[in-house]
Amino acid sequence: MKPAFKIAPAFFLGLLFFCLRSITAYGAKPVVAVIDPGHGGENLGAEYNGYTEKDMTMIVAEAMKEELEKYEGIEVYLTREGDRDMKLEERAEFAASKNADFLFCLHFNMSLSHELFGSEVWVSAFGAEHQAGYAFASAEMKLLEDTGLYPRGIKTRLNDKGEDYYGIIRHSTAKGIPSVIIEHCHLDQGRDVSFYNSKEKLEQFGILDATAAAQYFGLKSEILGVDYSGYHKEEIPLPNAAVKPDTSEPDVCVIDVSHVDEETGEITVSVYAADYDSYILYYSYSLDGGESFSGLHEWEPRNADMLQFTVQAPSGTVPDLVVNVYNKYDYITQSNHVRLPSIIYGEEEKDEGETGTVLQEEDAVEAGSMTAKNPSAVKQEEEGGKTARGEEEGEKSGQRATVLYFLQVALLCASILFVLLLMAGLLIGRRPSKKKRRRKK
Ligand SMILES: [Zn+2]
């Protein structure tokens with residue numbers, strides 16, 4: 001028993017020393033970040049107004065790498081150096097070959113309608129990769145939102161087989177590497193243009209991405225004078241099944257007109273909307289029963305179930321209001337219609353007179369192009385970069401309305417004259433017949 005007592009302290013001391021050494025060795029091991037500038041070579045990615053996604057992602061990636069290297073305890077690699085394309089699987093394999101702790105895929109967005117705006121981050125729908133992706137994406141979205149970009153959310157997407165839809169996320173997750181696709185903003189929407197339209201601004205995105213990564217890894221930088229070792233990461237529970245995306249339209253969209261200002265033609269509309277699977281992201285409205293819609297507006301505050309907005313109906317039109325609401329996955333639900341009696345205000349009120357009602361019907365038909373006269377509609381056109389065209393159309397329809405007005409007045413005068421002549425003719429024609437009847441008697 002005596003030898004055992006002698007051995008025990010030595011054994012425990014040795015074990016303690018070994019543990020301490022392993023802990024410090026682990027602490028000193030740098031984290032490995034792999035940055036993937038999306039597209040490259042023949043694969044241009046999105047193209048808009050002279051901007052090409054593959055070039056933009058490279059500028060962002062290089063700035064992100066440079067910034068991340070200012071932190072201690074990190075190794076940074078780019079999947080592609082220079083302008084060449086790589087298969088998605090190859091990019092994930094590269095990350096695996098470097099023992100990456102995280103793969104950051106950098107992209108820019110575009111939509112078919114050219115209406116969507118804002119930033120989004122795609123993450124894996126599965127397990128620890130979902131959890132890690134979500135934690136990084138939360139930090140990233142917060143920083144993007146702080147710059148003024150509209151947050152479209154952190155999302156998952158599945159293919160028909162129920163796997164992650166995006167190849168790069170699917171391949172990385174299969175290799176146990178957390179990954180994200182950062183869609184910084186939309187190239188084809190006026191509201192986002194000012195965020196990417198210079199090299200400096202693209203580099204700012206890179207610095208922002210690096211900051212989010214440093215926060216996620218809890219890094220310190222002496223050069224930058226920042227310490228994220230105490231950064232509180234967004235922690236969500238480990239999902240035990242696929243985190244499914246929302247694949248249905250918003251559940252509720254009902255509108256109501258709360259007020260009509262007869263002086264200015266301003267209509268106050270209340271929209272009640274909800275999406276039980278995700279949330280409402282945008283709304284747009286129509287004054288002509290859904291023929292033409294305004295641009296998209298932010299649904300804010302994000303979790304509100306009711307929102308009010310005012311819109312000015314062009315004088316003399318018969319507004320037929322409809323609202324569209326979009327959810328996190330851009331599915332749309334249209335509201336009920338609210339038809340209002342015609343609103344006449346301003347200058348046109350004075351010289352309308354009897355022809356007023358006829359003119360209103362004519363204008364109601366024209367309402368589609370007439371909305372361009374409405375100040376808020378012009379503002380939205382401006383956001384989409386189409387101001388000049390919108391105003392031109394407004395002017396043309398204004399001229400058309402004046403011509404129509406004169407034609408109607410002329411037509412009315414002609415009909416009055418015709419009726420007068422007819423009556424005169426009848427009076428003249430009746431006299432001899434009366435005489436004839438008397439003669440018969
Ligand atoms: Zn892309």
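1. Start with H4 and H7: in this predicted model, helix H4 (residues 127-146) and helix H7 (residues 199-217) have axes that come within 9 Å and cross at roughly 140 degrees. H4 and H7 are therefore oblique to each other, given that the antiparallel label needs an angle over 145. The crossing of H4 past H7 is right-handed.

2. As for who touches whom, H4 brings Ala135, Phe136, Ala139, Glu140, Leu143 and Leu144, while H7 answers with Leu208, Asp209, Thr211, Ala212, Ala213, Gln215 and Tyr216. Sorted by class, that contact between H4 and H7 comes to nine nonpolar, two polar and two charged residues.

3. Next, the other helix pair. Helix H3 (residues 88-97) packs with helix H5 (residues 167-174) at about 35 degrees, the axes being 8 Å apart. H3 also passes H5 in a right-handed crossing. On the H3 side the contact uses Leu88, Glu89, Arg91, Ala92 and Ala95, and on the H5 side Gly167, Ile168, His171 and Ser172.

4. On confidence, the protein's average pLDDT is 82, and 75% of the residues reach at least 70. Two stretches deserve a flag. Residues 1-5 stay under 50 in pLDDT and have zero contacts beyond four places in sequence. Residues 18-26 are also below 50, with zero contacts in the model beyond near neighbours in sequence. Where pLDDT is low, the predicted coordinates should not be read in detail.

Terms used: Residues are numbered from 1 along each chain as its sequence is written. This is a predicted model: local features need pLDDT of at least 70, side-chain atom pairs count only at pLDDT 80 or more; totals for chains, interfaces and linings use all residues. Axes are lines fitted to C-alpha atoms, for helices over the stretch in contact, and angles run from 0 to 180 degrees between N-to-C directions. Helices (H or I, at least four residues) and strands (E, at least two) are DSSP runs, numbered from the N terminus. A crossing is left-handed if the near helix is turned anticlockwise from the far one by less than a right angle, and right-handed if clockwise. Two residues are in contact if their C-beta atoms, placed from the backbone, lie within 7 Å. pLDDT is the predictor's confidence in each residue, from 0 to 100. Angles under 35 degrees count as roughly parallel, over 145 as roughly antiparallel, 65 to 115 as roughly perpendicular and the rest as oblique. Ala, Val, Leu, Ile, Met, Phe, Trp, Tyr, Cys and Pro count as nonpolar, Asp, Glu, Lys and Arg as charged, and the others, Gly among them, as polar.
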